[in-house]
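The entries follow in the order I made them.

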Amino acid sequence: MTAAETPPPIRYEAIAPSLPDGPIDLTTLVPGDGPIELDVGFGRGRSLIDRARQRVSRVIGIEIKAKWSFKVEERRAREELHNARAIRGDARELLGRAGPDGCVRRAFVHFPDPWWKKRHAKRMVVSESFLDTLARLIGPGGELYVQTDVEERAAEYEALLTDHPGFAPPGGDGFRVATNPFDALSNREARAAEDGLPVYRLLARRVGH
Ligand SMILES: C[S@@+](CC[C@H](N)C(=O)[O-])C[C@H]1O[C@@H](n2cnc3c(N)ncnc32)[C@H](O)[C@@H]1O
């Protein structure tokens, strides 16, 4: 192929699956009436696709990167996983204007916040205000599952959950769980397993109103 024949780069920004401005009704984004699950920052999308294949829920994924949101939504459609949808957006902004309150059964946040530098603090996904948003959206008895390969981050998330009145440990043993109870691995999780690296996992139950 000559330089003249090289195709122009794909502008994923223009074709990413986005939502219009204004309020978002999560119950209408995916057809059916199964419980709604969120996959926040799904990246290359393995967790979203795996979970959707189980056909136990309606899975709504939100990913800030245009390229991955496009590719995962394309794959989801190709596999005819009508119980899922991949959307491009900043989960903090998008879920901030989503409702109705209490409509979500479970939220997955797989390996967020890989940044170390202080100047990246504003990018952090899991924060007190994001937990407020999730507590508003997750109905009583619903779950939040967070996992990371950064030990310090896991400790930070655990402290945030401990301090948050909307979440409690699922059993008597605290938020930590040894294995992923959902049998749907994220890409980063699969790589950690291949490389024999530790993963720190937290499961929280939504309590209160
Ligand atoms: C370390 S990667 C993990 C990807 C995937 N969850 C996994 O476990 O393989 C973090 C992902 O979160 C996405 N992300 C970061 N901030 C986000 C935000 N505010 N809203 C949505 N996605 C975000 C990144 O683009 C990236 O794909």
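**Pocket, ligand, cavity**

I began with the lining of the largest pocket and found that helix 7 gives the most to it, with 3 residues. Helices (H or I, at least four residues) and strands (E, at least two) are DSSP runs, numbered from the N terminus. A pocket is an open set of points on a 1 Å grid over the protein atoms alone, with protein on both sides within 12 Å along at least five of seven lines, and lining residues have an atom within 4 Å of a point.

I noted the ground rules. The model is predicted, so local features need pLDDT of at least 70 and side-chain atom pairs count only at pLDDT 80 or more, while totals for chains, interfaces and linings use all residues. Residues are numbered from 1 along each chain as its sequence is written, and side-chain values use heavy atoms, with hydrogens and water left out.

I looked up the volume next: the largest pocket holds about 820 Å³ of space, a volume being the space filled by probe spheres set on the grid points, which are joined across faces, edges and corners. Its lining has 28 residues, and Gly41, Gly43, Glu63, Lys65 and Phe111 are the closest to the centre. Besides helix 7, strand 3, helix 4 and strand 6 (104-110) each give two or more residues to this lining.

Where does the ligand sit? I found it in the largest pocket; the test is that more than half of its atoms lie within 2 Å of the grid points. Around the ligand I listed 18 residues, of which Gly41, Glu63, Ala91, Ser186 and Arg188 are the closest; near means a heavy atom within 4 Å.

I then checked polar contacts, pairs of N or O atoms within 3.5 Å. A backbone N or O atom of Gly41 is 2.7 Å from a ligand nitrogen. The side chain of Asp90 has an N or O atom 2.9 Å from a nitrogen atom of the ligand. For Ser186, a side-chain N or O atom lies 2.7 Å from an oxygen atom of the ligand. Of the 600 Å² of accessible area that the ligand has on its own, the protein covers 91%, by the Shrake-Rupley method with a 1.4 Å probe.

Last, I searched the whole structure for cavities, where a 1.4 Å probe fits but cannot get out, and found 1 of 30 Å³ or more. Among the residues that line this largest cavity are Phe111, Asp149 and Arg188.

How values were computed: Polar contact = N/O pair within 3.5 Å; in protein donor to acceptor, adjacent residues only side chain to side chain.
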